[in-house]
Each structure stands twice: as structure tokens, then as C-alpha cells.
Amino acid sequence: MSAERTLSIIKPDAVAKNVIGQIVARFESAGLKVIAARMMQLSRADAERFYAVHSARPFFKDLVDFMISGPVFVQVLEGEGAILKNRDLMGATDPKKAEKGTIRADFADSIDANAVHGSDAPETAAVEIGFFFPGINVHSR
Ligand code: IDP
């Protein structure tokens, strides 16, 4: 498997809990490298655009409200099979269903406030990296 890049967001609940470092340490321990990062407050328009794929879902407004409720920590992670590796580290969307030892099992409170976002496929990773880091290559070299 070749080196890959993926987008990770540490969501407002985890930032508020002061566990950015603990979450990043899990990425690093799994062999993923942080190659870009920014702390930012999303605007409503940013959050609606980022989650546009979910705009018809009943939870869309709650999701957007939550994502703009405080600062987020956005990173590009690079490594072998980074997209899947990050999804494995994150655990299931609903922390109650997430495997023990995953980020969501350990740090998330609910399906709404679930600590992290991670790209789910190469196509979405490319779009999401471009969304937050327009200056960097979406693919590793
Ligand atoms: P993912 O973050 O695990 O990839 P997605 O299905 O892409 O999950 O959903 C995006 C985000 O929308 C989730 O992380 C979660 O915060 C929120 N979400 C998904 N499904 C529900 C739901 O049924 N109720 C409330 N929020 C949800």
C-alpha cells in the first residue's frame, strides 16, 4: 500500500475537553504523520458546505450547529493506508457502537458530539484536503 493523505477534524467537543494532544498521539503511534494543521472557528457557511452531502438528512441542522459551536483542529494526516487507518482509529460514528480503544469510544459522548471526522475515501479526502488547505498537494509524492 502506498502513502496516502486524509483529512482529520478534531471536533468542538474534543477540543473543549482538551484532548487534542491525546488524539494526535494516537495518530502518531499508528504511524500517521501530521503534515498540515490549523485551529479554526468554522462559519455556518463553511460547515454547511463541508457537510453538503448530508444537507437532506434530518440531523443536518444539529450537525452544523454543533460544528460551529467552538473551534476545531483540522489536520492532514499522511501514511500507508492513511484513510482506512484513520477510520479504524476513530471507531464507529455512534460512540456507543465504537470498538473499545477507539477515539470515539474513549472521547466521544454521543452520535452528534463524536470527537472526530475522517475522510472516508480517496475522492472525499482529496476534496476535503482542498477545502481546508488549498495550498497543499492532496496526494503524497
Ligand atoms: P462519519 O463521521 O463516521 O463519517 P457520517 O455518516 O459521514 O459519519 O456522518 C457525518 C456526521 O454526522 C457524523 O460524524 C455525526 O456527527 C453526524 N451524524 C451522522 N448520523 C447521525 C445521526 O443519525 N444523528 C445525529 N448525527 C448524525
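How far does a polar side-chain atom of Thr 93 lie from an oxygen atom of the ligand? In this predicted model, that distance is 2.6 Å.

View 1. The side chain of Arg 87 has an N or O atom 2.9 Å from an oxygen atom of the ligand. For Lys 11, a side-chain N or O atom is 3.0 Å from a ligand oxygen. On its own the ligand would expose 530 Å², and the protein buries 78% of that area.

**View 2. The shell around the ligand.** Take a walk around the ligand and you will meet Lys 11, Tyr 51, His 54, Phe 59, Leu 63, Arg 87, Thr 93, Arg 104, Ile 111, Asp 112 and Asn 114. Sorted by class, this shell holds four nonpolar, three polar and four charged residues.

View 3. An unreviewed UniProt entry lists Lys 11, Phe 59, Arg 87, Thr 93, Arg 104 and Asn 114 under "binding site". From this set, Lys 11, Phe 59, Arg 87, Thr 93, Arg 104 and Asn 114 are found in the lining of the largest pocket.

**View 4. Lys 11 and its loop.** To locate Lys 11, look in the loop that joins strand S1 (3-10) and helix H1 (12-16).

View 5. In an unreviewed entry, UniProt assigns "domain: Nucleoside diphosphate kinase-like" to residues 3-140.

Definitions and conventions:
Residues are numbered from 1 along each chain as its sequence is written. This is a predicted model: local features need pLDDT of at least 70, side-chain atom pairs count only at pLDDT 80 or more; totals for chains, interfaces and linings use all residues. Side-chain values use heavy atoms; hydrogens and water are left out. A residue is near a molecule or strand if one of its heavy atoms lies within 4 Å of it. A polar contact is a pair of N or O atoms within 3.5 Å; within protein, one must be able to donate a hydrogen and the other to accept it, and residues adjacent in sequence count only if both atoms are side-chain atoms. Accessible areas come from the Shrake-Rupley method with a 1.4 Å probe; for residues, only the protein chains shown count as cover. Ala, Val, Leu, Ile, Met, Phe, Trp, Tyr, Cys and Pro count as nonpolar, Asp, Glu, Lys and Arg as charged, and the others, Gly among them, as polar. UniProt positions are given in the numbering used here, feature names are shortened, and annotations may be inferred rather than shown by experiment. On a 1 Å grid over the protein atoms alone, a cavity is a set of points where a 1.4 Å probe fits but cannot get out, and a pocket is an open set with protein on both sides within 12 Å along at least five of seven lines; lining residues have an atom within 4 Å of a point. Helices (H or I, at least four residues) and strands (E, at least two) are DSSP runs, numbered from the N terminus.
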